[in-house]
Amino acid sequence: MASSGDNFIDRAGARLRWRIEGSGPAVVLLHGWALDLSSWNLLAPLLAVRFTVLRFDRRGFGLSEGVADIHRNVDDLRAVMDAAGVQAAALVGMSQGARLALHFTLAYPAKTRALVLDGAPEIESESELPLGLYRQRLDGAGVAALRAMILTHPLMQLHSQSPEARAALLESVSRYRGVDLLHPVPRAAVPDLARIATPTLVINGELDSVERREAGKRFASAIAGATRVELPGAGHLALLDDPAAYAEAVTGFLRNRETT
């Protein structure tokens, strides 16, 4: 169900949902796999105190239509930014959303003021996700059973006891339809991290998986000038485990960019 804050644009066979709030320099929030823009519900208001915060459902996720497709996500994001009147922004990509942030930065460097990679997977790979098993569950038992199975995955576990965090997670996953499982597309070309000159912050939860924390270290080493932080007591869903610490890390990083 769309909310009063939702906006929609039609692009290349998909209807894309987006929201914008706050004022100041623009920050775009890019959600992870099986999630949608509501996964940012606790963080967005904290950032909106200082920034214009734009978020959208990638095609095939949330209330956006179309087949999930990394090849179209980049220009979808460009179209959403244009519709929202955002000329350039800092991109915050969570998990699979970090992949979109990287590809967009390489395609549109002038539109990317800064880059935040949160819990990013290995480049063009997500070996921790049993996508084949998820597809079988969807085919055999339906989408509700698939959602329940996804919520048991270690990357989906909350370390916060906050009922608001739990509600945001459930709301986000409740809209996942498995479109990407039913209509897989080829992987995009592996991005050349050595080409990225954009100021970059890498975030990991201290309790994120070993694989994601190691990937974060590799990203921080491969991107010139990148810095990396670990948020204490937070897992893969650091944006829900500790939104205040997450907002502080992002805000501090972006403030530093404004003064240098």
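I began with two neighbouring helices: the axes of H4 and helix H5 (residues 143-150) come within 7 Å of each other and cross at roughly 150°. For my labels, helices (H or I, at least four residues) and strands (E, at least two) are DSSP runs, numbered from the N terminus. Axes here are lines fitted to C-alpha atoms, for helices over the stretch in contact, and angles run from 0 to 180 degrees between N-to-C directions.

A note on what I am looking at: this is a predicted model, where local features need pLDDT of at least 70, side-chain atom pairs count only at pLDDT 80 or more, and totals for chains, interfaces and linings use all residues. Residues are numbered from 1 along each chain as its sequence is written, and side-chain values use heavy atoms, with hydrogens and water left out.

Back to the helix pair. I noted the crossing of H4 and H5 as right-handed; that is the clockwise case, while left-handed means the near helix is turned anticlockwise from the far one by less than a right angle. Which residues meet? On the H4 side I found Leu133, Tyr134, Arg137, Leu138 and Ala141, and on the H5 side Val143, Ala145, Leu146, Met149 and Ile150. Contact means heavy atoms within 4.5 Å. By class, this contact has nine nonpolar, no polar and one charged residues. The classes are Ala, Val, Leu, Ile, Met, Phe, Trp, Tyr, Cys and Pro as nonpolar, Asp, Glu, Lys and Arg as charged, and the others, Gly among them, as polar.

Next, the sheet. I traced an open sheet of eight strands in the order S1-S2-S4-S3-S5-S6-S7-S8, with mixed pairing. Two strands pair if DSSP finds at least two bridges between them. Strand S1 (7-11) and strand S8 (227-231) are the edges, each pairing on one side only. Neighbouring strands are turned by 25° against each other on average, direction ignored.

I followed S1 into strand S2 (residues 14-22): they pair in the antiparallel sense over five bridges, and Arg11 stands opposite Ala14 in S2. The two strands form a hairpin with two residues between them, and Ala12 in the turn has a positive phi of about 50°.

Further in, strand S3 (residues 26-30) and strand S5 (residues 89-94) run parallel, joined by four bridges. H3 lies across S3, strand S4 (52-56), S5 and strand S6 (112-118), at about 145° to S5. Helix H8 (residues 210-222) also packs on the sheet, touching S6, strand S7 (200-205) and S8.

On a 1 Å grid over the protein atoms alone, a cavity is a set of points where a 1.4 Å probe fits but cannot get out, and a pocket is an open set with protein on both sides within 12 Å along at least five of seven lines; lining residues have an atom within 4 Å of a point. Grid points are joined across faces, edges and corners, and a volume is the space filled by probe spheres set on the points.

The largest pocket has a volume of about 380 Å³. Of its 21 lining residues, Gln96, Glu126, Asp180, Val185 and Arg187 are the closest to the centre. H3 gives the most to this lining, with three residues.
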